[in-house]
Amino acid sequence: MLFFIILILTFGSGYFLPWWVVAIAAFLPALFIGKTPAKSFWSGFGGVFIVWTILALFKTVPNDNILAKHVATLFQLPNWILLLLITALIGGLVGGMSALSGVLLKRAFAKINIK
């Protein structure tokens, strides 16, 4: 469930808001419904990774990957697909770490309330 919530929030914010909003979109659901740190991390990572891959493809395929090819050449990458994977990996790490932070903050507050 957490995975799909992060996926939907990330996809909805991907067109209109800055890139860093994915951190908030992964943090808040994990804060409220995250169960374990590992599941939260992988839900955040997978949700953002998939959405960033799809959004990057939506933006690069209609123009025949012209900009992506030039940026890949600038970074001395063999092709634009590797650039796409690196971009999605960075987004996935941001989403995963944000979701992990959310569930760990939830646990920290739960320990404070017990004492």
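**Aromatic pairs and beyond**

Guide: A search of the whole structure finds 7 aromatic pairs. Rings of Phe, Tyr and Trp (its six-membered ring) pair if their centres lie within 6.5 Å; planes under 30 degrees apart count as stacked, over 60 as edge-to-face and the rest as tilted. Phe41 and Phe45 form a stacked pair, with 6.1 Å from centre to centre and 25° between the planes.

Visitor: Before going on, what sort of model is this?

Guide: This is a predicted model, in which local features need pLDDT of at least 70 and side-chain atom pairs count only at pLDDT 80 or more, while totals for chains, interfaces and linings use all residues. Residues are numbered from 1 along each chain as its sequence is written, and side-chain values use heavy atoms, with hydrogens and water left out.

Visitor: Phe41: buried or exposed?

Guide: Phe41 counts as buried, at 16% relative accessibility. Phe45 counts as buried too, at 15%. Buried means under 20% relative accessible area, exposed over 50%, and partly exposed in between (1.4 Å probe, protein chains only).

Visitor: And what kind of pair do Trp42 and Phe45 make?

Guide: The ring centres of Trp42 and Phe45 are 5.6 Å apart and the planes are at 75°, so this pair is edge-to-face. Trp42 and Phe45 are 3 residues apart in helix H3, again about one helical turn. Trp42 counts as exposed, at 56% relative accessibility.

Visitor: Which residues form one aromatic cluster?

Guide: Phe41, Trp42, Phe45 and Phe49 form one aromatic cluster.

Visitor: New topic. Which residues are in the largest nonpolar core?

Guide: That core has 8 residues: Leu2, Ile6, Val22, Ala26, Ala30, Val48, Trp52 and Ala99. H1, helix H2 (21-33) and H3 each supply at least two residues of this core, and H2 gives the most, with 3 residues. A nonpolar core is a set of buried Ala, Val, Leu, Ile, Met, Phe, Trp, Tyr and Cys residues joined through side-chain atoms within 4.5 Å.

Visitor: What does Ala99 touch?

Guide: Leaving out residues up to four places away in sequence, Ala99 touches Ile6, Ala26, Phe27, Ala30, Ser40 and Gly44. Contact means heavy atoms within 4.5 Å.

Visitor: Where is Thr10, and what does Thr10 touch?

Guide: Thr10 is in helix H1 and is buried, with a relative accessible area of 0%. Not counting residues up to four places away in sequence, the contacts of Thr10 are Val22, Ala25, Val48, Val51 and Trp52.

Visitor: And where is Val94?

Guide: Val94 is in helix H5. Val94 is partly exposed, with a relative accessible area of 22%, and touches Trp19, Val22 and Ala23, not counting residues up to four places away in sequence. The C-alpha atoms of Val94 and Ile24 are separated by 9.9 Å, although the two residues are 70 residues apart along the chain.

Visitor: Which helix gives the largest share of the lining?

Guide: H3 gives the largest share, 5 residues.

Visitor: Last one. Where does Asn65 lie?

Guide: Asn65 lies in the loop between H3 and H4. Phi of Asn65 is near 60°, a positive value in a residue other than glycine, and Asn65 counts as buried at 10% relative accessibility.

Methods:
Helix = DSSP H or I, 4+ residues; strand = E, 2+ residues; numbered from the N terminus.
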